[in-house]
Amino acid sequence: MMANVKALEVIISYEFQQPLLGCEALQLAGNGVTWIGGRHIPNGNKRLAVLGDQVLDTVLSNKWYESGMIESNWNAIRLQVSSNSNLSSTGLQFNIGSVLQGNPTNPQRVSEKIMATAVEAVLGAVFRDGGLTAVERVLETLGLTNDSAL
């Protein structure tokens with residue numbers, strides 16, 4: 001598992017101070033892993049994904065605010081950048097699927113939703129590990145804040 005975290009660190013250009021957070025981010029729901037480093041993870045990476053979704057909105061809304069755009073632009077930017085389709089495309093582009101930990105006895109195709117959840121979980125893990133500044137750097141690495149609309 002830790003080899004996958006190291007590979008993730010290379011992909012996102014971020015080194016975890018708490019690598020178990022990276023490990024948790026890579027756990028797909030239903031893979032049988034329910035504990036990592038003494039922390040209960042009842043449904044894989046989904047809890048980190050909820051956090052990552054909110055952190056993504058925070059970073060995007062801050063960039064939107066700094067741009068001076070009107071409110072209607074915010075909705076368009078949020079829908080474009082944080083959509084499952086866009087997050088999934090980003091995960092595929094950066095080959096995040098290669099480091100995910102699924103159920104070895106029942107391999108599944110990594111759907112758009114699963115990939116988007118994984119990207120959000122990675123963002124949640126980076127936030128827990130290094131704060132908003134670290135998330136901003138990872139978002140730049142993944143090209144999620146390089147949109148000309150921002």
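**Entry 1**

I looked up Asp57 and found it buried, with a relative accessible area of 11% (buried is under 20%, exposed over 50%, partly exposed in between, with a 1.4 Å probe and protein chains only). The model is a predicted one, in which local features need pLDDT of at least 70 and side-chain atom pairs count only at pLDDT 80 or more, while totals for chains, interfaces and linings use all residues. Residues are numbered from 1 along each chain as its sequence is written, and side-chain values use heavy atoms, with hydrogens and water left out.

Which residue forms a salt bridge with Asp57? I found Arg78, with the closest N and O atoms 2.8 Å apart (a salt bridge is a side-chain nitrogen of Lys or Arg within 4 Å of a carboxyl oxygen of Asp or Glu). Arg78 lies in helix α4 (residues 71-81) and Asp57 in helix α3 (residues 46-67), so the pair ties together parts that are 21 residues apart in sequence. Helices (H or I, at least four residues) and strands (E, at least two) are DSSP runs, numbered from the N terminus. I noted Arg78 as partly exposed, at a relative accessible area of 27%.

**Entry 2: the other salt bridges**

I searched the whole structure and got 3 salt bridges.

One of them joins Arg39 to Glu24, where the closest N and O atoms are 2.8 Å apart. Arg39 is in strand β2 (residues 39-40) and Glu24 in helix α2, so this pair ties together parts 15 residues apart in sequence. Glu24 is buried at 3% relative accessibility, whereas Arg39 is partly exposed at 30%.

Glu9 forms a salt bridge with Lys6, and I read 3.5 Å between the closest N and O atoms. Both residues sit in helix α1, 3 residues apart, and about one helical turn separates them. Is Glu9 buried or exposed? Glu9 counts as buried, at 8% relative accessibility.

**Entry 3: positive phi**

I then checked backbone angles. Most residues other than glycine have a negative phi.

Ser13 has a phi near 55 degrees, which is positive although the residue is not glycine. I placed Ser13 in the loop between α1 (2-12) and α2 (19-25). Ser13 is exposed, with a relative accessible area of 55%.

Where is Asn95? I found Asn95 in the loop between α5 (84-93) and α6 (112-141). Its phi is near 60 degrees, again a positive value in a residue other than glycine. Asn95 is partly exposed, at 46% relative accessibility.
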